[in-house]
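Could you walk me through this model in the viewer, one selection at a time? I would like to know what to click on next and what is there.

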Amino acid sequence: YFSPFILRLMATNSEQTQLSAEEAAVYDRQIRLWGAEAQTRISKGKVLFVGLPGLAVEVIKNVVLAGVGEVCILDWLNVGYEDLASNFCVTPEDVGKNRAISSAEKLRELNPLIRLTVETRPISEVDSALLSYYDLVVTFDVSVWQAVQLSSSARAVSTKSIICFSFGQVVASIADFQAHTYVSDSEQAVVVDGEPEKVQTCDTFKPIEEALATHCVEGLKRNETSLSLAAIAAIVHDFAKKAESDLASVSSIFEIGKSLLQFKSAPHPRFTEDAIAKVVSMRRVSYNPSCAAGGCIISQEVLKVPSSSSFFCVPHPSCSYVHDCIGQCISGKDKPLPNLFIFDGVAQSGRVIDLGGMRSVTKLS
């Protein structure tokens, strides 16, 4: 059964939307939200996910439900008992088996219309041929240095990237959308033929390697949370040290953080060694509520890549369920967030920080 809205859509826009009758029915609510053109672009998108901790499962679930056409999960680790607490796709019988293979069947069941494949090669064997096939590569909970190297390789073949980290109740992501073009309503509130005037904007991102090399994180507020600051310092520390493991000492991270995290030209007053100790002890630990909330925002950013040329807004439907405490992170617009997003589940707050000056150039369409 198709609703009257979908029947009209199929009759009048079949060539433009290129959505099958089945897709039009399954994505009925989403099409009403962001339009048939955006859904068509999403259905043609291709995303590679590297690593499968609890945060990744939340993001992939949202992306699969949204109807991204091709999803590949690359993971070389086996299911451990800790995965049973954060990955709803695995059972105790899967312990000792590959995480991607064990999770794939249930993820496919969420949306049989998409193509979901699995790779089990280690991250060191991810080559340009694989990266170039995808629109976006999203990396989870590998070492900062490995993630940055993979992002640089992706940029070399014009594939966009997001690297994500879990620190227990803190979730962080850094994006490199390169030159990202999108269309949105004009801020001048100009109306043309009964519709808001559209403007085309290109946001230029710095490579993640350059963004993390920033000597001072600007735009910090006095009320930044201690755990968020500690997580940022840990990420930048591991990048600066080219660390392949997570064995950095609290004092080493603290020394780098004091010079990096500034508030009014002085070390941020909420940046403490105690907070660093908590973050270090929880590194790569998935805390379900934070993964769900932070994963929702990351999913929203993922969807902006295949749909970036659309005349429609592209927030993920599940974003409406996230508490208002995330506030400014959910704008309902298709403009990408500045490159660093961090969510503190203890404080129930999310922040967006520009690491390196994202540039925007706007012109009327």
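Here is a short tour of a predicted model, going from a strand to a pocket and then to some cysteines.

**Stop one: strand β1.** Please select residues 46-50, which form strand β1. Five of its five residues are buried, so β1 is largely enclosed by the rest of the structure. Turn the view to see both faces: K46, L48 and V50 lie on one side, while V47 and F49 lie on the other. Both of these faces are covered.

**Stop two: the partners of β1.** Look for F49, which stands opposite I73 of β2. To follow the chain from β1 to β2, show helix α5 (residues 54-66) as well; this β-α-β crossover is right-handed. Next, bring in strand β4, residues 136-140, which pairs with β1 in the parallel sense over four bridges. Here L48 has V137 as its bridge partner.

**Stop three: a pocket.** Which residues lie nearest the centre of the second largest pocket? Select P53, D83, R99, D141 and R284 to find them, among the 19 residues that line this pocket. The pocket's volume is about 340 Å³. Its lining is made up of seven nonpolar, six polar and six charged residues.

**Last stop: cysteines.** Finish with C291, which counts as buried because its relative accessibility is 2%. Then click on C296, also buried at 2% relative accessibility. As for disulfides, the count for the model is zero.

Technical notes
Residues numbered from 1 in each chain as written. Predicted model: local features only at pLDDT ≥ 70, side-chain atom pairs only at ≥ 80, totals over all residues. Heavy atoms only, no water. 1 Å grid on protein atoms, 1.4 Å probe; cavity = no way out; pocket = protein on both sides within 12 Å on 5 of 7 lines; lining within 4 Å. Points joined across faces, edges and corners; volume = space filled by probe spheres on them. Nonpolar A, V, L, I, M, F, W, Y, C, P; charged D, E, K, R; others polar. Disulfide = S-S within 2.5 Å. Buried < 20%, exposed > 50% of the residue type's maximum accessible area, 1.4 Å probe, protein only. Helix = DSSP H or I, 4+ residues; strand = E, 2+ residues; numbered from the N terminus. Pairing = 2+ DSSP bridges. Right-handed = clockwise from strand over helix to strand, strands pointing away.
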